[in-house]
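Let's take a friendly walk through this model, starting with its packing and ending with its strands.

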Amino acid sequence: MTRTEPSTRPGPVAELHEIRELALAGPGEKATETQHAKGKLTARERIELLLDQGSFREVEQLRRHRATGFGLESKKPYTDGVITGWGTVEGHTVFVYAHDFRIFGGALGEAHATKIHKIMDMAIAAGAPLVSLNDGAGARIQEGVSALAGYGGIFQRNTRASGVIPQISVMLGPCAGGAAYSPALTDFVFMVRETSQMFITGPDVVKAVTGEEITQNGLGGADVHAETSGVAHFAYDDEETCIAEVRYLLTMLPSNSREMPPGFPGDDRPDRPTPLLRDLVPSDPSAAYDMHKVMAELVDDGEYLEIHERWARNIVCALARLDGEVVGIVANQPQALAGVLDIEASEKAARFVQMCDAFNIPLVTLLDVPGFLPGVDQEHGGIIRHGAKLLYAYCNATVPRISLILRKAYGGAYIVMDSQSIGADLTYAWPTNEIAVMGAEGAANVIFRRQIAEATDPDAMRARMVKEYKAELMHPYYAAERGLVDDVIDPAETRDVLISSLAMLRNKHADLPVRKHGNPPQ
């Protein structure tokens, strides 16, 4: 952030520099010390961490509210508690607004909201990402419904910008009531442990209505939203690390939906063999392994950014690079619930697929899925509706789509996980693949129920029928022989195959039917 030296000349220019100094200083050292004592940075310090050095250009720095009553007429600080403007991250334009908790607790008033509306409109018009650094106490009660209406304008612009420009919400303080809906409308939510909270009704209201006692962090802290609710995509211990990761995420995203994600040539050879993959996946379909190790072998330099790492762990969603180009990876995780699809996994993956499709990020799906999770809770919770979200997201995606079947691919879950039948451009399989309606044991129990029941040795008969079913319908080349898999490949060649296939699909163009919008399952 640059600061012009004060002029030594008297008159209007000197006055301008004095006013700017007041605006930059904020409410004073005491307020800054109080902010730092809470383990929090000031709004301007956060912007300096986010943007390239010296690139920030502030908008409406001298804006002040015009409200009266409740003592407001005597308190008219510059910026009105929100700093707005634009700068660059790794040379790419990024718009930002940051609540200044030192001024009115970062609460939103009419002028405050108007500044946010303007910078959001500018971001949409310029086709550049928008980052909000949130640290505010909600609506400014003294301004009444005028302040409340300001949130409506933010929500409307969040929705208009959805799928047009990347929107990232960084929660660095409290966010309560209706204010929490803006982050929920954005593409990514970052939170900092201990200092950031999000909830619709706070602990006092919860206690008054339900009698439950809970702390702010227990109700809506970073770990709660990263592990339980799924509201937060990322959670970090401190603001510096959090904002550094926001910068990293921005390098993986295009500026808008009309552009491709930025490429980054690296040293990892595109044809690098991956022989370790031959032994990473056990041949026993019931044995667990860590899908992260498979991903690390495939992607450039073993690096990827996992989204929602701690929520719905039975599926992995990550951004990575293959030959320097950004890809979105969706992968079942056999280490968690055997990699089944359930309500939360379906929601997590569906949202990720939609984000990748909106911002021209090709999709690579790694399958090892035994099916959907059975159970009364899942059925009553709407697994049909939630599973359909993932199905809809894949079917609606027009970006390049490649699926790779590592081992199990059973039933409806196989179809939903971007099978060839729902539009995957290319489908590959390893020699360990088992593509079937269900596992061999379950299938044999259904098909050969009578023979097993009438046998003198039911266990021996069952084992024989399982072996027969596997040999007939579940051998690794069954799907390839019927055109459901494009090729069965050596695991050691997987990286090379994926990169060459994505290069071929780079200029893929697919049109959706003309319509106002779809009506996806909710």
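## Nonpolar cores

The largest nonpolar core holds 63 residues, and Phe190 and Leu319 have the most contacts inside it. Such a core is a set of buried Ala, Val, Leu, Ile, Met, Phe, Trp, Tyr and Cys residues joined through side-chain atoms within 4.5 Å; buried means under 20% relative accessible area (1.4 Å probe, protein chains only). Helix 13 (residues 343–358) contributes the most to this core, with 7 residues. A second, separate core of 29 residues includes Leu426, Trp430, Ile489 and Leu505.

This is a predicted model in which local features need pLDDT of at least 70 and side-chain atom pairs count only at pLDDT 80 or more, while totals for chains, interfaces and linings use all residues. Residues are numbered from 1 along each chain as its sequence is written, and side-chain values use heavy atoms, leaving out hydrogens and water.

## Around Leu319

Which residues does leucine 319 touch? Among them are Leu249, Met252, Leu253, Phe352, Met355 and Cys356, with residues up to four places away in sequence not counted. Contact here means heavy atoms within 4.5 Å.

An open sheet of mixed pairing is formed by 7 strands in the order 1-2-3-4-5-7-9. Strand 1 (57–59) and strand 9 (234–236) are at the edges with a single partner strand each, so one side of each lacks a neighbour in the sheet. Strands are DSSP runs (E, at least two residues), as are helices (H or I, at least four), numbered from the N terminus; two strands pair if DSSP finds at least two bridges between them.

Strand 7 (residues 188–192) pairs with strand 9 in the parallel sense over 3 bridges, and methionine 191 stands opposite alanine 235 in strand 9.

Notes
Buried means under 20% relative accessible area, exposed over 50%, partly exposed in between (1.4 Å probe, protein chains only).
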